[in-house]
Amino acid sequence: MELEPKLAALGLTGKRARFYLAALELGDKTVTAVAQHAGIERTTAYALFEKLLEDGLVTQVERGGRTHVVAEDPDVLVRNLDDKRRTLDEILPDLRAIHARTHGAPRFRLYDGTEGIRIVLNAVLATPLPEICGILSMRELLAVPGPKALRNFIAERVKMRTRLRVIRAQSEETHDIWQAGEEELREVRYAPSSDAFRITTFIYGGKVALISSRRENYGLIVDSEEFAGLQQALFETMWQTSKPA
């Protein structure tokens, strides 16, 4: 397996990746030996070595007056990613606040086709939230994006501990699936009208996601606090008049 492109996707690119892989293969060698194995100039190697030391990917060991390189366990890459994720989670609210101030106008993102619908479905879970509200078209969702995509959506939502309050049409309950319950953090109510829904709506984090029927085959995200607020108010009114499952 070609590892360099994979490491590049993790932010370990070019000569840094080659130096790290060489150190990993050699086990315990001098900087010069590692550089030669990686096909890197000796003068460049020391700068790469210092950078990898900062990243915690290698350790410096002195043996007989010479500096040796020892690669750390590759699990350190996972720890580095986790650290970056925690840092991002800390600063993301501030970044979003800046974005909101400079991009006050509502934004509309239209996605065509089945893949576009999957993108919209995944976008609903892009930000950890305590709750999402939805009006679901069961038959249409089972057709597109399909059961597998929906199972993945449920698993990720439960993993994030995001609750779902959902309104469905009882006429569409053709399968004994996705019932109310704490295990999947779902509360279900049936709409007063038995007419089937054609469009699925999710209200989450100041946005509204719409997933069309398989006939029209599109997904739409409306990024607007005001529109989301209106949809939330309409949802709450409908929720009060709907029957618990």
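## Salt bridges within helices

A salt bridge is counted here when a side-chain nitrogen of Lys or Arg lies within 4 Å of a carboxyl oxygen of Asp or Glu. In this predicted model, a search of the whole structure finds 13 salt bridges. One of them joins Asp-55 to Lys-51, whose closest N and O atoms are 3.8 Å apart; both residues belong to helix H4 and are separated by four residues, about one turn of the helix. Asp-55 is partly exposed, with a relative accessible area of 22%, and Lys-51 is likewise partly exposed, with a value of 34%.

Within helix H6 (residues 113-123), Glu-115 and Arg-118 lie three residues apart, about one turn of the helix, and their side chains meet in a salt bridge with an N to O distance of 3.5 Å. Arg-118 is partly exposed, its relative accessible area being 32%.

Elsewhere, salt bridges that share partners join Arg-16, Lys-51, Glu-54 and Asp-55 into one network.

## Packing of H3 against H4

Helix H4 (residues 42-55) also packs with helix H3 (residues 31-38), at an angle of about 110° and with the two axes 9 Å apart. H3 is therefore roughly perpendicular to H4, because angles of 65 to 115 degrees are placed in that class. On the H3 side the contact involves Val-31, Thr-32 and Ala-35, which meet Arg-42, Ala-45, Tyr-46 and Phe-49 in H4.

## Strand S7 and its neighbours

Strand S7 (residues 186-190) is largely enclosed by the rest of the structure, because four of its five residues are buried. S7 pairs with strand S6 (residues 163-168) in the parallel sense over five bridges, and with strand S11 (residues 243-244) in the antiparallel sense over two bridges. Arg-189 of S7 takes part in each pairing: Ile-167 stands opposite Arg-189, and in S11 the bridge partner of Arg-189 is Pro-244.

Note on methods:
Residues are numbered from 1 along each chain as its sequence is written. This is a predicted model: local features need pLDDT of at least 70, side-chain atom pairs count only at pLDDT 80 or more; totals for chains, interfaces and linings use all residues. Side-chain values use heavy atoms; hydrogens and water are left out. Axes are lines fitted to C-alpha atoms, for helices over the stretch in contact, and angles run from 0 to 180 degrees between N-to-C directions. Angles under 35 degrees count as roughly parallel, over 145 as roughly antiparallel, 65 to 115 as roughly perpendicular and the rest as oblique. Contact means heavy atoms within 4.5 Å. Buried means under 20% relative accessible area, exposed over 50%, partly exposed in between (1.4 Å probe, protein chains only). Two strands pair if DSSP finds at least two bridges between them.
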